[in-house]
Every structure is written in structure tokens, then in C-alpha cells.
Amino acid sequence: MTTTLDALVRCIAVLLVFLVLPLVIGQTEHKVMAHMQGRLGPMYAGGFHGWAQLVADGVKFAQKEDVVPSGADRKIFQLAPAVALLPYLLALVAIPLGPGDLLGQDLDAGLFFVLAVMGVGVLGSLMAGWASANKFSLLGGIRTAAQLMAYELPMLLAAASVAMAAGTVSLTGILGAFHWWWVPWQIVGGFVFFVSGLAELQRPPFDMPVADSEIIFGAYTEYTGLRFALFLLSEYAGILVVSALTAVLFLGGWHGPMADSLGWLWMLLKTFALAFLVIWIRVTYPRLREDQLMRFAWTVLIPLSLAQLALTGIVKVVIS
Amino acid sequence: MAPIPGRGLAKGLAVTLRTMTRKTVTAQYPDVQPELPPRSRGVIALLEENCTVCMLCARECPDWCIYIDSHKETLPAVEPNARARTRNVLDRFAIDFSLCMYCGICIEVCPFDALFWSPEFEYAEEDIQDLTHERDRLREWMWTVPAPPALDPAAEEPKEIAAARKAADKAHAAALAAAEEPKEEEA
């Protein structure tokens, strides 16, 4: 009985985090982006500096008609937003928030699980692009596929470097083995992982698949109402997951002064610092062209991640 | 020395971060009124007491947006054998702000200071015909006309004051001279 209750509480807690934190990140993006451009951003919704803007957006989306194009593959089209969003919820289950068992579920293959599940998330975009019966959607879907192919590899290699350093693929195990000098040791891997994560989320400057000046909104062109909102939400949930994962793998997660009592705070701080970085990069850089995108992945990120893997191996052999 | 690779990327990040720490330029207009510069051109006000119906403004207006109607009144002669005087009386003075291009020529050209710029700008209407302001509405704008801004400290004296001062100086000198003369006779 207690185990059932325990599982239930954990599930609800993960769901709450999943529903609240992406909205916080989204609101931060509204405000940070505005101020970086010398604007104020939303100011009316909710009364105080537009804090309820995303709630208002959600209400608006819920009121809209849910249109499915007549030529579309109905089932696939309607399923795609769920496929895009749910993997991030599942990934969140395995990410530790603090020391001990302050996480949804401790998995032995946690890292493997999270990366595999995140790969599924991109399938949502592919399904949407294919099922929409729209050439812009199809182009966006194909660009998503190409980008996924190119950036999944350096991401996995960078994550493998950390797993190699810790000698385990369990996320709690990796955090248990963490020492502060891992940060400079794995910094190249961290860079590669974070940048590939950005590309996987199709965040600017890697937003070629949704380049609005060329292909409208890529795979999401035909979506309206709540399903469109789910795609947007999955983008912000993705920022949360990638930031949290980078924090766990490369910045030591809950490690920090007074980690026993304030571990969760350190984890949240690191996650939000990285989420801020995601927004900051979005505001600063223009979109990469498709060929630049590919060249960056294959000629910069993959060699870097391989070099990091080699470095990790050498250091590991030397210290053991 | 060759530039460090990635320097431009870092510079870009610095620019956005610096902008974030600065004050935003957004004007929260309906909540906060804008601070308009002096001599802002919002609406044209009419001081109809000064108007002599000379029609200069209506004729100079490049897009013919000023409507003036008047009639003549005959005043009885002041002296015997004199001719009776006639005078123009203003019947209608209207400016169509849907045509007006805010050039201000009417204000420049008015020889009797009957037209003024007011900084008020919130007079949008739902019907374009309501943008024609008749004389009572134009007279009401007069209350919003600000006092003319003070002259620059280094500016030349205004002509009126210069002329008055000249006359006063002359009178003063004459009075002094008149006071001196009797003394000379005594000596």
C-alpha cells in the first residue's frame, strides 16, 4: 500500500513539475527576450508584469477550433502532439532533483532511458510533417529528420563520455561519482551536449526546421488550437529537460554547498541558469542555414565529442 | 595578432546582456502619458476674439481644410459727416483635421495671433466627419495651449521689449537733461 501511495505521490509531483516549470521558462523567455530587445514584454495579463500571459494564451488556444486538413492522415495528425510532448514527461521521471531518492524513479539505465525517450520526442515532429498533407510541413519534417540524424550522434557521444567517467549509466550513480574537477574535465563534452540539445529542440539558432521565413512553421504549419499549444509546450518542456540533463551530467546536479539540505535548490538554480542561456542564445544569434547547420554538426561537434571521449578514456586509465 | 575565434559570438552575447540591464524604450502610452517636446503639433486652436476674417489662413492652407464664413456689419458713424464703418463678423470657422497635414502655415501666416498650436493629440473619432472641428471646439483647444517657452538666455531681446526700452531710455535721458539745465544757469 505504501509503495503504491509513494509511486502515486511521485507521479503527481513529476506531473506538477512538468506542468509548472515549462510555463515558468516560457514566461522567462517572454520577459528576458523583451528586455534584451529593449522592450517590456507582456504587461497586462494577470495584473503584475503580465505574469499570467501564458495562462491567457492557453485559454485562447483551448477556445480555438481544432482543424484537421481534409487531405491529412487523421489519426497520425492527431496523435503527433502527444508523441512530441509525452517523452519529455517520461524523461523528467528519471532526472534526480536532489540527493537521496528525490526523483521520480531511480533507473539503472537512467541516462540511456532519458536519451532514448528524448529521441522519440522528435518523432512527433516527423509524424506531424508527414501527416499534414502540406509541402511546407513535409519540408519541415524532413529538415527535422536531417537535423536529428546529425545532432543525435554528438549528443550521445558527449553523454557517453560522462557515463565512461562515472563508470555507470545511472543518473544517480553519475551524480554520486561526481567531483568538482569533472566540470573542467568534461567541459568540451558539456558544450557539445548542450549545443546538440538546442539543435534537437529546434531552438534558434538551429530552428531551420521551423524557419518561418521559408516554410511557414515547418511541421506545425497545419496545427491549430490545443494541439498547436501542445507542440509549443513540448518545446519548453524540452528546454527544461535538456537544461536539467546538462546540469546533471556536466555541472554536478545537486552538488554544491550544503547539498544535503539545499541540493534541490542547486539543481533548480543550475537548470534555470542553463534555460536562461538557451533564451539568451536565441535572442542573440540569427538562424543557421541548412548547410551551415550540417557542417557544424559533422565537422565541429562530432570531432569535438570524439576528442572528449578520448580525453575521458586517457584520464580514466591514468587515475585508475 | 589574429582575432580570437568566437570573439564575434561573445560580443553578440554581450550586446544582448547589456541591453537587458538597460532601461527599456517602450512607452506605456495609454497608462502613461508621453512627455511631449515644447512646440509639439497636436491640434490647432483658435482664439476667435483675435480673428478679423482676413482669410489669409484659408487661402494659404495647402489642402484647403479651413472653412470660414462671415458677414459684414455696418457700424454707425462716430463723427458727424463721417462715413459709416463696416466690420467683418465671423460666422463659421472650421478646420477639417481629416485633411489637415499639420504644416502650420495657417499659424505662421495669421497676422493677428488668432491661431495656435496645442499639444493635445487625443481627438480620434469613429466618424471621419467628426474630425471637422467647428469654432466652439477650436476655441476650447485654446485652453490647452501652453505658454510660449522662455527665450534662450543668450537670445536677442524681443522686438517689442527692445522698442519699449528705447523709448523709456530716451524719456529718461530727456528728464535728466531737463533736471540738469536749471543748475547750469545758477552756476
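Which side chains meet in a salt bridge at 2.8 Å, N to O? The side chains of A:R282 and A:E29 do. A salt bridge here is a side-chain nitrogen of Lys or Arg within 4 Å of a carboxyl oxygen of Asp or Glu.

The model is predicted: local features need pLDDT of at least 70, side-chain atom pairs count only at pLDDT 80 or more, and totals for chains, interfaces and linings use all residues. Residues are numbered from 1 along each chain as its sequence is written, chains are lettered from A in the order in which they are written, and side-chain values use heavy atoms, without hydrogens and water.

**Figure 1. The two domains of chain A.** Domain 1 spans 20-63 and domain 2 spans 73-319; the bounds come from an automatic or database domain assignment. Their C-alpha centres lie 24 Å apart. The contact (heavy atoms within 4.5 Å) takes 14 residues from domain 1 and 19 residues from domain 2.

Figure 2. Together they bury about 1,500 Å², 86% of it on carbon and sulfur atoms. Buried area is the accessible area (1.4 Å probe) that two parts lose on being put together, summed over both. On the domain 1 side, A:I25, A:E29 and A:F61 lose the most area, together 44% of what that side buries. The two domains share 2 salt bridges.

**Figure 3. The interface of chain B with chain A.** Chain B gives 13 residues to the contact and chain A gives 14 residues. About 1,200 Å² is buried between the chains, 67% of it on carbon and sulfur atoms. The chain B side has 6 nonpolar, 6 polar and 1 charged residues. In these classes, Ala, Val, Leu, Ile, Met, Phe, Trp, Tyr, Cys and Pro are nonpolar, Asp, Glu, Lys and Arg are charged, and the others, Gly among them, are polar. The count of salt bridges between the chains is 0.

**Figure 4. The largest cavity.** A cavity is a set of points on a 1 Å grid over the protein atoms alone where a 1.4 Å probe fits but cannot get out; lining residues have an atom within 4 Å of a point. The largest cavity holds about 90 Å³ of space, a volume being the space filled by probe spheres set on the points. Of its 15 lining residues, B:C51, B:C54, B:C57, B:C110 and B:A114 are the closest to the centre. The lining divides into 13 nonpolar, 2 polar and no charged residues.

Methods
On a 1 Å grid over the protein atoms alone, a cavity is a set of points where a 1.4 Å probe fits but cannot get out, and a pocket is an open set with protein on both sides within 12 Å along at least five of seven lines; lining residues have an atom within 4 Å of a point.
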